[in-house]
Amino acid sequence: MSTRIVVAIGLVASGCGDVVNHLADAPPLDDSKSIDGSTIDAPPPRCDPANPFGTPVAVAVLNSGADETGVSLTADELTAVFSSSRAGGVGLSDIYISQRATRTAAWGAPSLLAGVNTAGFELRPSFTGDGLTLYIEYRANANATLDIVRSTRATTGAAFGAPSLVTGINGTVDDAQPFVMPDHSAIYFMSTRSVNGDNDLYVATGSAGSFGSPTPVTGTNIASASSEGYPTVTPDGLALYFRSDRAGNSNFDVWLASRTSVATGFNAPVNVSILNTGVAEAPNWISADNCVLYMTRNIGTVASNNDIFVATKP
């Protein structure tokens, strides 16, 4: 503050002709310093991304005893949407919403997300980073194919409009489990359009929700003779989590494939063993700093029953 006072006095004393010179001589303002000159430290990262995840913990308030799957968070991590077959919905599986005040606070009680649910199945919702567009896996009835639909809203305080099919993404086979990149530049999904008709990972790139033709996700052993699904990608595009029953597994495990550049394919996937337990698991959402991962786990003993879990890194 003393520097600014000296400069101001100099401007008055020297007259208008010396204003430029005095401004040039003044030291630049430093946003990293406080008023008293001490350094303002940036907040520390909440984890070391190189660390392994801790043991996943059930998110009790989001689970109901019915089937909960496909949780997705907004970029600020204050709103979560997920699909559930719990009683009280309007269809066979519906999209629910939960909110919280801070990203370390407990989630609030879920409620039906207005505008997007039908009498059929709504599954695996996925938000764009601005929270204005929601992609959903849709199935009209138990005998219908799976398609990817999209719903939009004008502001985060407005209700979503009725979903519509995403042009250029859907074929005549199952196209499902969408994961949209936060900047809306690409959408990853599972499809049975491959020659063998098994579940493989595809991606379509584009801009502002206008996508080109889908192509298989490239990399070493990303596709296999087994089933792959639930692609979940970090916002920088360098880490791909997905589920697969490869390597002789009788159930789905969470796998991770990484790369050093978005211009290259992914490296060979590795099993994220800390997240897997011998039952079916699937990744759903990963934070931008790769510190928090939401996933589902099948805890059913008599019938299928998926619950939502969260794993964090120290």
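Two strands pair if DSSP finds at least two bridges between them. Strands (E, at least two residues) and helices (H or I, at least four) are DSSP runs, numbered from the N terminus.

## Model and confidence

This is a predicted model, in which local features need pLDDT of at least 70 and side-chain atom pairs count only at pLDDT 80 or more, while totals for chains, interfaces and linings use all residues. Residues are numbered from 1 along each chain as its sequence is written, and side-chain values use heavy atoms, with hydrogens and water left out.

The pLDDT is the predictor's confidence in each residue, from 0 to 100. Its mean over the protein chain is 89, and 86% of the residues reach 70 or more. Over residues 1-29 the pLDDT is below 50, and this stretch has eight contacts (heavy atoms within 4.5 Å) beyond near neighbours in sequence.

## An open antiparallel sheet

Strands E15-E16-E17-E18, in that order, form an open sheet with antiparallel pairing. Its edges are strand E15 (228-233) and strand E18 (270-271), each of which pairs on one side only.

Strand E16 (residues 239-244) and strand E17 (residues 253-258) run antiparallel and are joined by six bridges. Leu240 has Ala257 as its bridge partner in E17.

## The disulfide

One disulfide is counted, a disulfide being a pair of cysteine sulfur atoms within 2.5 Å. It joins Cys47 to Cys291, with an S to S distance of 1.9 Å. Because Cys47 lies in the loop between helix H2 (19-25) and strand E1 (57-58), and Cys291 in the loop between strand E19 (281-286) and strand E20 (292-298), the pair ties together parts that are 244 residues apart in sequence.

The torsion about the S-S bond of Cys47 and Cys291 is about -85 degrees, so the disulfide is left-handed.

Ile299 is found in the loop between E20 and strand E21 (306-312). Its relative accessibility is 39%, so Ile299 counts as partly exposed.

Apart from neighbours within four places in sequence, Ile299 is in contact with Asn305, Asp307 and Phe309. The C-alpha atoms of Ile299 and Val279 are separated by 7.5 Å, the two residues being 20 residues apart along the chain.

Methods:
Buried < 20%, exposed > 50% of the residue type's maximum accessible area, 1.4 Å probe, protein only.
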